[in-house]
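The sequence and structure come first.

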Amino acid sequence: MPEINSLIKVQNISFSYPDAPDVPVLRCMDLDVKEKECMAILGESGSGKSTLLKIMCGLLRPDQGTVLYDGQPLTGPTDSITMIFQNYGLFPWKRVRDNILLPLQLRGEKENPQEIDELLDYLGLTRHADKYPGELSGGQMQRVALGRAVVGRAKLILMDEPFSALDIRNREKLQAFMKKFFRDTGMTSVIVTHSIDEALVMGNRIAVFDPDQGNIKAMIENRGSCYAAAGTDLYYRRIREIRHLMGLGEHNEAENS
């Protein structure tokens, strides 16, 4: 079986913010994301997960170490890496269609109306194409951001707590949509979360953060059991394994993780 190439590699990076140079957020971290995989980065709030994403998209430079993207050093932002922030990064004065078309407008390229209409239909946004972001639900705004990533020809999409503002029903619907979206587009994705359940649902691999060390404590292979339904023995076994790694107490199987 051929080896799957790495799309992005984090090699021995450390990072501290200027106002606290003696308090490293990340320490000697290594991380390797394969092409077309969805990696979940799981950890407590404030453990450095979001900082890592900003380094992976070129918004921050590590104090030491290297980030390789497609085999080359990443020295700054690039069009083929898209980061979706918790506020979705949409322009409130632009309609849905124009928010999606923004990468083409910035590059001075013409749109293909048929392709854009097909994308809007795929995203379930045809009826909302002329609305402003303030008129949309959180899930709809996520889909607009995904559509912009497609138009921008992104190869890697980074998401910081993408479902945190949604209720359970809409969260599950968007998770299912995103799994299909990543399969259909072949995009590589990294999702930061503090929810064990979300990591199990979305991640082919799960990187468990160690907040005390500013590093990855364990990498859990979730391929094959990925998207396992809640309630199975495997599901609860994985939850117990991850809770143990995170230093959490026993999981009550009647509770949502």
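The points below concern a sheet and several salt bridges.

1. Basis of the note. This is a predicted model, in which local features need pLDDT of at least 70 and side-chain atom pairs count only at pLDDT 80 or more, while totals for chains, interfaces and linings use all residues. Residues are numbered from 1 along each chain as its sequence is written, and side-chain values use heavy atoms, with hydrogens and water left out.

2. The sheet. Four strands form an open sheet in the order β2-β1-β4-β5, with antiparallel pairing. The edges are held by β2 (26–34) and β5 (72–73); each has a single partner strand, so one side of each lacks a neighbour in the sheet. Strands here are DSSP runs of E of at least two residues, and helices are runs of H or I of at least four residues, numbered from the N terminus; two strands pair if DSSP finds at least two bridges between them.

3. The β4–β5 pairing. Strand β4 (residues 64–69) pairs with β5 in the antiparallel sense over 2 bridges. Leu-68 stands opposite Pro-73 in β5.

4. Salt bridges overall. The whole structure contains 10 salt bridges, each defined as a side-chain nitrogen of Lys or Arg within 4 Å of a carboxyl oxygen of Asp or Glu.

5. Asp-32 and Lys-34. The side chains of these residues, Lys-34 and Asp-32, meet in a salt bridge at 3.3 Å, N to O. Lys-34 is partly exposed at 22% relative accessibility, and Asp-32 is partly exposed at 24%. Partly exposed lies between buried (under 20% relative accessible area) and exposed (over 50%), with a 1.4 Å probe and protein chains only.

6. Asp-70 and Lys-155. The closest N and O atoms of the salt bridge between Asp-70 and Lys-155 are 2.7 Å apart. This pair links distant parts of the chain, 85 residues apart: Asp-70 is in the loop between β4 and β5, and Lys-155 is in the loop between α4 (138–151) and β7 (156–160). Asp-70 has a relative accessible area of 38% and is partly exposed; Lys-155, at 35%, is also partly exposed.

7. Arg-97 and Glu-111. Glu-111 forms a salt bridge with Arg-97, with the closest N and O atoms 3.9 Å apart. Arg-97 belongs to helix α2 (96–107) and Glu-111 to the loop between α2 and α3 (113–123), so the pair ties together parts 14 residues apart in sequence. Glu-111 is partly exposed at 35%, as is Arg-97 at 23%.
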